[in-house]
Amino acid sequence: MPKNSKVVKRELDDEVIESVKDLLSNEDSADDAFKKSELIVDVQEEKDIDVEEESEVEDERPAWNSKLQYILAQVGFSVGLGNVWRFPYLCQKNGGGAYLLPYLILLLVIGIPLFFLELSVGQRIRRGSIGVWNYISPKLGGIGFASCVVCFFVALYYNVIIGWSLFYFSQSFQQPLPWDQCPLVKNASHTFVEPECERSSATTYYWYREALNISSSISESGGLNWKMTICLLAAWVMVCLAMIKGIQSSGKIMYFSSLFPYVVLICFLVRALLLNGSIDGIRHMFTPKLEIMLEPKVWREAATQVFFALGLGFGGVIAFSSYNKRDNNCHFDAVLVSFINFFTSVLATLVVFAVLGFKANVINEKCIAQNSEMIIKFLKMGNISQDIIPHHINLSAVTEEDYHLVYDIIQKVKEEEFPALHLNSCQIEDELNKAVQGTGLAFIAFTEAMTHFPASPFWSVMFFLMLVNLGLGSMFGTIEGIITPIVDTFKVRKEILTVICCLLAFCIGLIFVQRSGNYFVTMFDDYSATLPLLIVVILENIAVCFVYGMDKFMEDLKDMLGFTPSRYYYYMWKYISPLMLLSLLIASIVNMGLSPPGYNAWIEDKASEEFLSYPAWGMAVCFSLMVLAILPVPIVFIVRCCNFVDESPGNLASVTYKRGRVLKEPVNLEGDDASLIHGKLSSEMSSPNFGKNIYRKQSGSPTLDTAPNGRYGIGYLMADIMPDMPESDL
């Protein structure tokens, strides 16, 4: 008999909603035999009635319409803008093709095991991030709240990027594209090219001046940018409408938002490969620089990219998996989604460097033409002798090889005077080495390349529609990481909560659509997620491996999946992953300390970016973002350790029944040490799904054994609660 049986009996009269006898009298006639028997666990009957058990025990929790819909949701969440504008940059910066090796190693060591961990706990406990970590340890319940806070911070600025993409999408239905040429300025006497645009480029000018209308510093607000405000509102309306019914509405949209980017990427790759110079870009991308690969910074950046690429710590992975059937093979899902994410990054990198190779060739041709004109001018002025130029070379229509030959000859002959000539070598590699990432890649480099595409408006529409879809897929998972835990914990209506969340996020998000808003996007991107998410995932790993128990967790996985996962995961979760995560956390803190906190401001007079340090209040905001994101963890720990909140432990306020099954179990089942629900707070408990299905035991059985996973069948709980009730009534 469990140790808490006396407490259970003492509180029964006040707390149990309906007596067991009354409830059993309402059972179907077919359950008569069930009423007169004791209940135990049987492994053999599990497959026959698993679906029926889960549907009742989980109190009609929503479920995915199909496995494909679920996989697309996870892929849509993990595959985001970072795959298009972060991974290619890191690959080019950190050794080209050689970067793929550290990335793959860290994907196997950190990515897949931790992704599998989050999928498992979400599917097993069938709750959002708050409920999951409360189940495992109420004192660590702050992990779930921290995930929600981080999700909210990320959603604030991530949707702004979708708003930017919507603006460019709306402007793409023009021929020529509005960022194709620098605008002309008219005055009383003549017309001239806008000086700021002439000193930079047409696409750069359009991004900073026409789209963002950016201010010169973060301290200079400049008021709201009404165009981006409307686009941000449209982005939040789209997210709200897609999420208002939960997975019933967002799941259907996933078919388009998750698959369409692949169609666009493949179309872009085919088109780019037909362009002049695309192979140069791909060759540059995959040329391995092995000496760079051995640097510790490369491994740190690869680990960070693996970490964020899979969406670990956000709670979206847990939320999506919580709508799965209990026997779903989440191990297969973890491996599949992780490798889909990796191959998507490689596909996006091929597209990016094929397009950038084409762009580099276009710029290189202009460079050769301009420098050839300068050489012709020097020949006419007598600065360079005509005799040193090979006779077969026509400088009016020179090829790339011939120009390089002439350049080398002039450099050797005019060794001392050569710097004064200001000739450029015009190497494609020099242009490809100018790596850009983030908004610089999407809204400047890519847009400039597309102006040289045949039918450029069509490709621009496709590209920015792809960015919108990539962003929405990630936003759905991020918002789900906020909505699902709150709905599960506080039992509020999902529709109302979704509207309130989106409305609040839009109002706060207005700081990102000021003229200085781009600087706040940089601030939130740098400080609101990186360290807090690392800490959250480290605590998740510790909670499962060392608080709940690695052996018990492996048993639960065997019970849930029907097979024992490889011991590889046991050692990864218990030893390797925590050490790797701690190393990554320390490296990130050191890197953050060594890097001066600041941002790149656009200076109008110089028509270029300039690094500026944050003002004092900006530093305070950066620090506050990190503290607020992780603050729920110590607060919940202290509150529950010191019992500041009376949650009435020890009574049966949380025990109710439905069709003879426990929906919410009593707190402090001290004798039930192996259960996931041990010591959980009543307000956070949900209908547990027992590891095995329940069936009749012959009514003369002398013992009341627990289930193999350490949980008591409902018959045993009732027997403990009502020891004086006749066995026939039980």
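Tutor: Helices (H or I, at least four residues) and strands (E, at least two) are DSSP runs, numbered from the N terminus. By that rule the protein chain has 31 helices and eight strands. The model is predicted: local features need pLDDT of at least 70, side-chain atom pairs count only at pLDDT 80 or more, and totals for chains, interfaces and linings use all residues. Residues are numbered from 1 along each chain as its sequence is written, and side-chain values use heavy atoms, with hydrogens and water left out.

Student: Which residues of helix 29 are called buried?

Tutor: Buried means under 20% relative accessible area, exposed over 50%, and partly exposed in between (1.4 Å probe, protein chains only). Gly618, Cys622, Leu625, Met626, Ala629 and Ile630 of helix 29 are buried.

Student: Why are the buried residues of helix 29 said to line one face?

Tutor: The arc is taken from the directions from the helix axis to the C-beta atoms. The buried residues fall within an arc of 115°, so they line one face of helix 29. On the other side, Ala616 and Phe623 are exposed.

Student: What do the buried residues of helix 29 pack against?

Tutor: Taking contact as heavy atoms within 4.5 Å, they pack against helix 10, helix 26 (517–527), helix 27 (530–561), helix 28 (567–594) and helix 30 (632–641).
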